[in-house]
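Biologist: Hi! Could you walk me through this one? I'd like to talk about the strands and then the helices.

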Amino acid sequence: MSSSYVPLAPATVALDAEGRLYSPAYGDVYHSPAGALGQAEHVFLRGNGLPERWRGRDAFTVCETGFGLGLNFLALWRAWRDDPARSAALHVLAVEGHPFAPADLAALLARHAPGPLAGLARELAAQWPLPLPGLHRLEFDGGAVTLTLAFGEAQTVAPRLDACVDAYFLDGFAPGRNPRMWEPALLRELAAMAAPGATLATWACTGELRRALSESGFDARRETGYGGKWHMTVATARAEGARAAQARARIRPRGHAVVVGAGLAGAGIAQGLALRGWRVTVLDAARAGGVAAHAGHMAAALTPVVARDDNARARLSRAGSARALARWRDLPEGAAPRVCGTVQLERDEGRAAALAGTLETLAFPAEWVRQVDRDEAGALAGMPVARGGAYFAQGMLMQPGRLIETLLALPGVTVLPAQVARVHQDGGQWQALDAAGRELARADTMILANAAGARGVLDASGLLEPWLPRVAQMHALAGEVTLLPAAALEGGPRCIIGGEGYLLPDTGEGCVAGSTYVHGAEQALISAEGQQVTLGKAAGLLGAVGPAWNALTPGSLPGWAGWRAVLPGRLPAVGELAHAPGLWMAAGYASRGLSWSALMGDLIGARLMGEPSPLERDLAGLVTPR
């Protein structure tokens, strides 16, 4: 197992003798005895020159260390709401090593949030995520206010953050109680995200802290403190941070983008950009051929994966599942996720001990994943299953065809049937050209999201070799799923049953069983051979099948067939091409199109708009096109 994984340790609810929220781990209270709202306004807002500094800005970004109950965030949000001259958007990036469980946070905010913040506190509690390591993006006020929570040890999390920060709130436990939160190494990581003119404020005030800030690139000074404290510390960054400069270099004026491809990747990008006010033109080769790529794709599963070392694939799938639920849960019925849970069966009974060890090492909340034996797995599924395994309570049943059509129908999105053969840069804009060289569309920003077709477009455009050797190895893999009558399964399972294949609950049209993986196929087809495979996989998941199942005839059932675009390592390629500025790609989603669609759409949207990234830098680096 990798030694770098450190389990997240959620906060413990405790009160001191005076009834104040208290951390037994650090021996310190969570907020000033003189009042959290007053401290937030005096130290963190006025200490950073707010609200004046955000006025007239398109966006303003704040980074906070030590989020706690979020009272500083709530005070900041209230001040932003109350200011008629506020910035168009407010982004907050917050680091918290010991997050509260959702129920605990809701109860604590109900008790401790000052009256003026009570309404906002309820909105925060309603979206608060389970304590899982990584980044969690929350959105308020129609997306004008974003809160990106970074759960994990600050020294591990901070180097992974990607943002351009205008103001810092340093609010960890006291330096004497938690000295690692104030070390120069951590402050240098924060300074790397400093925008030109970035400011910093904290209630802490020691000569050692000012020296650490100076070593980290800030000019620090003392100011009058709050609530009986003589002094506090404010500071200004001496120079723009390296990461902030990189983030600012990616920003493009909100305008028009062309997306090539109208599958899960393209639809997720169209949504991510349209929600940020962009005009999006989607060029769809499948529609040019007469049928949308996922037409008839009745249902699919969206389930995260776990790994003992919490590797990149596991972290990406967890982040993607959470982002998909957040982005899609309010869509119309049929397009929205159906959170039914997933029982992911072990491949054999002998692996139960290994799974138990993995879940113990990860220490994830049982509300998110827990081990179940065969009997409990069967009870959750509502039918006998072959083995036990892991139960993911947030496993989702999706209807890809309906989801894609809903996302492509969003205001600001136009879909055109068109086959793009190559792209060409002309006068600072990117042109999409057909096989005859005719222009189909043009824009300053173009994203190739046409699965394995992206490789051919790049090759024909002279943009593949030698810059993108990994992308050059992308290939298409055919596969099919089968629609079974629910009556053959006595109504079907109540939750997703996964393992070697999968079986999905009834969508109203039947239960979907999948799937096949066909290498070297010339066409993606529904076949008797393929249905034999999908039926065999589904039967292998179940404890028993009855006469109605045995009467099913492979080759006579409806289904859907399509393609997966696969890259070495089975991670996607998402980002701007270093050798072709303004041209992006999002392809190679393999079997994880649903897991990565919303996340990668928001990753591209956040980069174009200069928002804090919803994905850690190390993960973004692994999926960078190369």
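Modeller: Happy to. Let's start with S25 and S26, which form a hairpin with one residue between them. Keep in mind that this is a predicted model.

Biologist: Nice. How many bridges join S25 to S26, and do they run parallel or antiparallel?

Modeller: Three bridges join them, and the two strands run antiparallel. For a pair to look at, glycine 499 has glycine 501 in S26 as its bridge partner.

Biologist: And S15 with S25, parallel or antiparallel?

Modeller: Parallel: S15 (residues 342-345) and S25 (residues 496-499) are joined by three bridges. Valine 343 is paired there with isoleucine 497 of S25.

Biologist: OK, zooming out, what is the strand order of the open sheet?

Modeller: The order is S16-S17-S15-S25-S26-S27-S24-S28, eight strands with mixed pairing.

Biologist: Which ones are the edge strands?

Modeller: S16 (369-372) and S28 (559-566), each of which pairs on one side only. Ignoring direction, neighbouring strands in this sheet are turned by 20° against each other on average.

Biologist: What about S24 and S27, how many bridges there?

Modeller: Four, joining S24 (residues 475-484) to S27 (residues 511-514) in an antiparallel run. Within that pairing, threonine 482 stands opposite alanine 513 of S27.

Biologist: Which strands does H12 touch?

Modeller: H12 (residues 352-362) packs on the sheet and touches S16 and S17 (389-392). The direction of H12 makes about 155° with that of S16.

Biologist: And which strands does H16 lie across?

Modeller: H16 (residues 528-541) lies across S15, S24, S25, S26 and S27. Relative to S24, H16 runs at about 65°.

Biologist: Changing topic to helix pairs: at what angle do H9 and H18 cross?

Modeller: Roughly 40°, with the axes of H9 (residues 264-274) and H18 (residues 593-609) coming within 7 Å. That angle is why H9 counts as oblique to H18.

Biologist: Left-handed or right-handed crossing?

Modeller: H9 passes H18 in a right-handed crossing.

Biologist: Which residues make the contact?

Modeller: From H9, they are Leu264, Gly268, Ile269, Gly272 and Leu273. H18 brings Gly593, Leu594, Ser597, Gly601, Asp602, Ile604, Gly605 and Leu608.

Biologist: How do those residues of H9 and H18 divide into nonpolar, polar and charged?

Modeller: The contact of H9 with H18 has six nonpolar residues, six polar and one charged.

Biologist: Great, thanks for the tour!

Notes
Residues numbered from 1 in each chain as written. Predicted model: local features only at pLDDT ≥ 70, side-chain atom pairs only at ≥ 80, totals over all residues. Heavy atoms only, no water. Axes fitted to C-alpha atoms, helices over the stretch in contact; angles between N-to-C directions. Parallel < 35°, antiparallel > 145°, perpendicular 65-115°, else oblique. Left-handed = near helix turned anticlockwise from the far one by under 90°. Contact = heavy atoms within 4.5 Å. Nonpolar A, V, L, I, M, F, W, Y, C, P; charged D, E, K, R; others polar. Pairing = 2+ DSSP bridges.
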